Amino acid sequence: MAPHIITKPTTGELSISLADLVVEKSKKAIETLDRFTIGLSGGSLPKILAADLKNRKDITWEKWEVFFCDERIVPLDHNDSNYLLCKNELFDHVPIPPERIHTINGELVSKIEKVDTEKAAEVAQNMVDDYENQLIKVFACAKSVKFPVFDLLLLGIGPDGHICSLFPRHPLLEEDVTWVAYIMDSPKLPRRRITLTLPVVNHAHTVAFVATGAGKQDTLVEVLNEKGNLPAQLVKPIHGKVYWFLDDEAAAKLNI
Ligand SMILES: O=C(O)[C@H](O)[C@@H](O)[C@H](O)[C@H](O)COP(=O)(O)O
């Protein structure tokens with residue numbers, strides 16, 4: 001199915017349009033399943049997302065279940081933390097119950113910082129298991145049931161076409177069993193991260209990319225106009241829809 005591409009002259013207008021989609025998806029999910037499952041990313045996304053959304057009065061925030069599409073393995077109060085970014089932009093301004101915001105395990109973060117490289121992989125695997133268990137609880141299914149189905153995943157895109165912490169040509173792109181994986185050799189710093197895997201992304205009901213600024217022009221031409229295997233091009237939800245929220249600058253080289 002062709003993606004829906006939404007372009008707006010400014011990031012302010014883009015924030016309004018993105019908030020409209022989030023409100024719509026949140027309402028629909030809460031009406032049917034009494035909860036809304038959303039995955040957030042880092043980068044510029046939390047700020048663009050929160051700018052308008054945090055002032056919306058028509059959201060049942062208490063019914064949200066928030067996960068992170070990827071997270072850097074750093075303390076939750078570290079400047080590199082995607083959680084901290086989302087907290088500052090959104091969580092501090094809206095009443096999502098803290099227990100419904102699913103972070104990486106802070107104790108395991110402290111542990112990983114104190115061990116050698118070999119042991120670090122073991123701790124990272126524990127962190128992955130912990131995060132998968134949080135997903136299992138919310139999605140109320142045994143791990144044998146294939147994949148969680150998020151109502152909405154919000155993704156940024158790197159200039160190299162990466163999404164989550166899934167980078168071009170990285171073996172993690174082949175992962176087709178686990179829901180969450182760790183990466184210790186991320187080409188983008190910090191090196192240690194955990195990420196949702198591609199099959200989880202592709203089981204979501206709705207995936208929305210957000211990209212702004214001239215730095216994304218060439219990447220968007222490649223991802224949207226050409227065939228290839230960049231991580232963003234591998235996002236093809238089995239039953240879901242894909243949206244692209246772009247400002248005019250980012251979209252300038254697209255024929256739309
Ligand atoms: O973990 C990270 O390193 C970032 O979160 C990264 O994945 C980001 O989401 C994209 O690079 C898009 O970032 P921008 O939207 O800021 O361009």
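Visitor: What makes strand β9 (residues 241–247) largely enclosed by the rest of the structure?

Guide: Count its residues: five of the seven in β9 are buried, so the strand is largely enclosed by the rest of the structure. Buried means that 20 or more other C-beta atoms lie within 10 Å of a residue's own; 12 or fewer is exposed, in between is partly exposed, and C-beta atoms are placed from the backbone. Strands (E, at least two residues) and helices (H or I, at least four) are DSSP runs, numbered from the N terminus. A quick caution: this is a predicted model, where local features need pLDDT of at least 70, side-chain atom pairs count only at pLDDT 80 or more, and totals for chains, interfaces and linings use all residues. Residues are numbered from 1 along each chain as its sequence is written.

Visitor: How do you know that β9 pairs with β8 (residues 206–211)?

Guide: Pairing takes at least two bridges found by DSSP between two strands. Six bridges join β8 to β9, and they run parallel, so this counts as a pair. One of the partners is Thr206, which bridges to Lys241 in β9. From β8 the chain crosses through helix α7 (residues 217–225) to β9, in a right-handed β-α-β crossover. Right-handed means that, with the strands pointing away from the viewer, the path from the first strand over the helix to the second runs clockwise.

Visitor: Which strand pairs with β9 over five bridges?

Guide: That's β1 (residues 4–8), again in the parallel sense. Lys8 stands opposite Asp247 in β9.

Visitor: Why is Met184 called partly exposed?

Guide: Met184 has 13 C-beta neighbours inside 10 Å, so it falls in the partly exposed class. Met184 sits in the loop between β6 (180–183) and β7 (193–196). Its contacts, leaving out residues up to four places away in sequence, are Ala120, Ala121, Ala124, Arg191 and Arg192; contact means C-beta atoms, placed from the backbone, within 7 Å.

Visitor: What makes a set of residues a nonpolar core?

Guide: Its members are buried Ala, Val, Leu, Ile, Met, Phe, Trp, Tyr and Cys residues, joined through C-beta atoms within 7 Å. The largest one here has 73 residues, and Leu153, Leu154, Leu155, Val201 and Val210 touch the most other members. Beyond four places away in sequence, Leu154 touches residues including Leu40, Leu45, Leu49 and Val210.

Key. Two residues are in contact if their C-beta atoms, placed from the backbone, lie within 7 Å.
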